[in-house]
Every structure is written in structure tokens, then in C-alpha cells.
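Got a chain on screen and wondering where all those labels come from? Let's go through them together, one at a time.

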Amino acid sequence: MIGTVVSSAIFLALVVHSESASLPVVAAAVDKCEYQNKTYMVGEKTDSACMPCECTQSGRMACMVIDCFFPSFCVDPVRKPGQCCSSCPNGRNCKYGDHIIKEGEVYKPDANTECKCNKQLFGPDALKAVCTKSA
């Protein structure tokens with residue numbers, strides 16, 4: 001398996017895979033690829049959301065590896081069918097006990113306590129509510 005980085009940005013890398021040959025390979029026009037015990041015609045694509053591949057004319061699969069580099073900034077992320085990375089359909093939020101607080105809102109668990117989302121995006125306190133008690 002060979003890998004060549006296409007983008008150092010968030011999430012793409014190109015992986016060229018050939019199950020039947022050692023590198024270097026002399027490129028020859030072919031009409032199919034063998035990949036994970038399946039045969040693909042040139043131009044045909046796999047259905048993997050996290051590593052989509054396409055059969056190339058060299059007889060090798062060209063694949064993009066999707067890396068969910070950034071975490072979801074919510075306590076209730078959802079991974080939709082056909083997507084590799086999760087998202088936050090309810091927006092950024094945090095949690096106090098079992099109660100979910102939307103960013104910018106104030107939650108009052110009792111008459112003397114106000115809780116809101118921490119502004120910190122990373123670290124052990126990310127996605128935790130910050131609460132203050134009044135006298």
C-alpha cells in the first residue's frame with residue numbers, strides 16, 4: 001500500500017492500493033481493479049463514507065481517507081448514514097447533570113444557581129457547564 005498526502009488541511013490523503021503487485025508497477029491500461037475481494041470496473045467507486053475509492057486505469061484503487069480531525073463541539077453529536085464524521089444538529093452545547101444547555105443560554109438548576117456553557121473548546125473542561133451560585 002502506498003500513501004501520498006494530497007492535502008495537509010483537515011482530512012484528505014490519497015492511498016493507491018494494489019493487492020496483486022509489488023511496487024514499482026509498470027502502468028498498463030486495464031478495465032478493472034481487484035479490491036477487498038471485489039472486482040470494480042474503471043471509474044467505479046466504493047460506497048465507503050470514511051474511505052471512498054475509485055478504480056483507476058492503472059488497475060489500482062485510488063482512495064481518499066477521511067479523518068474527522070476536529071471533534072464535535074456538542075454533547076449530543078449525530079453521525080448520519082453515509083457520512084463519516086459526526087455533526088451537531090442542535091448546535092454547540094454543554095451538559096449539567098442530565099440537562100443539555102444550548103450555547104448562549106442560562107440554565108437554573110435551582111433558585112440560587114446559574115449554569116452556562118464553558119467557552120473552552122478543548123481540554124478536560126470543554127463541553128462542561130460553568131455554574132455560579134448567588135448568596
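Q: What makes E9 and strand E10 (residues 113-117) a pair?
A: In this predicted model, E9 and E10 are joined over 2 bridges in the antiparallel sense. Two strands pair if at least two bridges are found between them, so E9 and E10 qualify. One spot to look at is aspartate 110, which stands opposite threonine 113 in E10. E9 and E10 also form a hairpin, with 2 residues between them.

Q: How do you know that E10 pairs with E11 too?
A: Count the bridges again: 5 of them join E10 to E11, and these strands run antiparallel. The cut-off is at least two, so E10 and E11 count as a pair. Here cysteine 117 stands opposite alanine 129 in E11.

Q: Why are E9 and strand E11 (129-133) said to stand at the edges?
A: The open sheet has 3 strands in the order E9-E10-E11, paired antiparallel. E9 and E11 each have a single partner strand, so one side of each has no neighbour in the sheet. Ignoring direction, neighbouring strands of this sheet are turned by 30° against each other on average.

Q: Why is the pair of tyrosine 96 and tyrosine 107 called tilted?
A: First, a bit of background: a pair of aromatic rings is described by the distance of the centres and the angle of the planes. The structure holds 1 aromatic pair. The ring centres of tyrosine 96 and tyrosine 107 are 6.0 Å apart, which is within the 6.5 Å limit, so the two rings pair. Their planes stand at 50°, neither under 30 degrees (stacked) nor over 60 (edge-to-face), so the pair is tilted.

Q: What makes this pair a tie between parts of the chain?
A: Tyrosine 96 sits in strand E7 (residues 93-96) and tyrosine 107 in strand E9, so the pair ties together parts 11 residues apart in sequence.

Q: Are tyrosine 96 and tyrosine 107 buried, exposed or partly exposed, and how do you know that?
A: Buried means under 20% and exposed means over 50%, so tyrosine 96, at 35% relative accessibility, counts as partly exposed. Tyrosine 107 has 22%, so it also falls in between and counts as partly exposed.

Q: What makes glycine 104 exposed?
A: Its relative accessible area is 71%, and the cut-off is over 50%, so glycine 104 is exposed. You'll find glycine 104 in the loop between strand E8 (99-102) and strand E9 (107-110).

Q: How do you know that threonine 46 is buried?
A: Threonine 46 has 16% relative accessibility, and buried means under 20%, so it counts as buried. Threonine 46 lies in the loop between strand E4 (38-41) and E5. Not counting residues up to four places away in sequence, it touches Tyr35, Tyr40, Met51, Pro52, Cys53 and Met61.

Q: What makes up the largest nonpolar core?
A: It has 7 residues: Cys33, Tyr35, Tyr40, Cys53, Cys55, Met61 and Cys63. Strand E3 (32-35), strand E5 (53-55) and strand E6 (61-64) each supply at least two residues of this core. Another core, of 5 residues, lies apart from it, and Cys94, Ile101, Cys117 and Ala129 are among its residues.

How values were computed:
Residues are numbered from 1 along each chain as its sequence is written. This is a predicted model: local features need pLDDT of at least 70, side-chain atom pairs count only at pLDDT 80 or more; totals for chains, interfaces and linings use all residues. Side-chain values use heavy atoms; hydrogens and water are left out. Helices (H or I, at least four residues) and strands (E, at least two) are DSSP runs, numbered from the N terminus. Buried means under 20% relative accessible area, exposed over 50%, partly exposed in between (1.4 Å probe, protein chains only). A nonpolar core is a set of buried Ala, Val, Leu, Ile, Met, Phe, Trp, Tyr and Cys residues joined through side-chain atoms within 4.5 Å. Axes are lines fitted to C-alpha atoms, for helices over the stretch in contact, and angles run from 0 to 180 degrees between N-to-C directions. Contact means heavy atoms within 4.5 Å.
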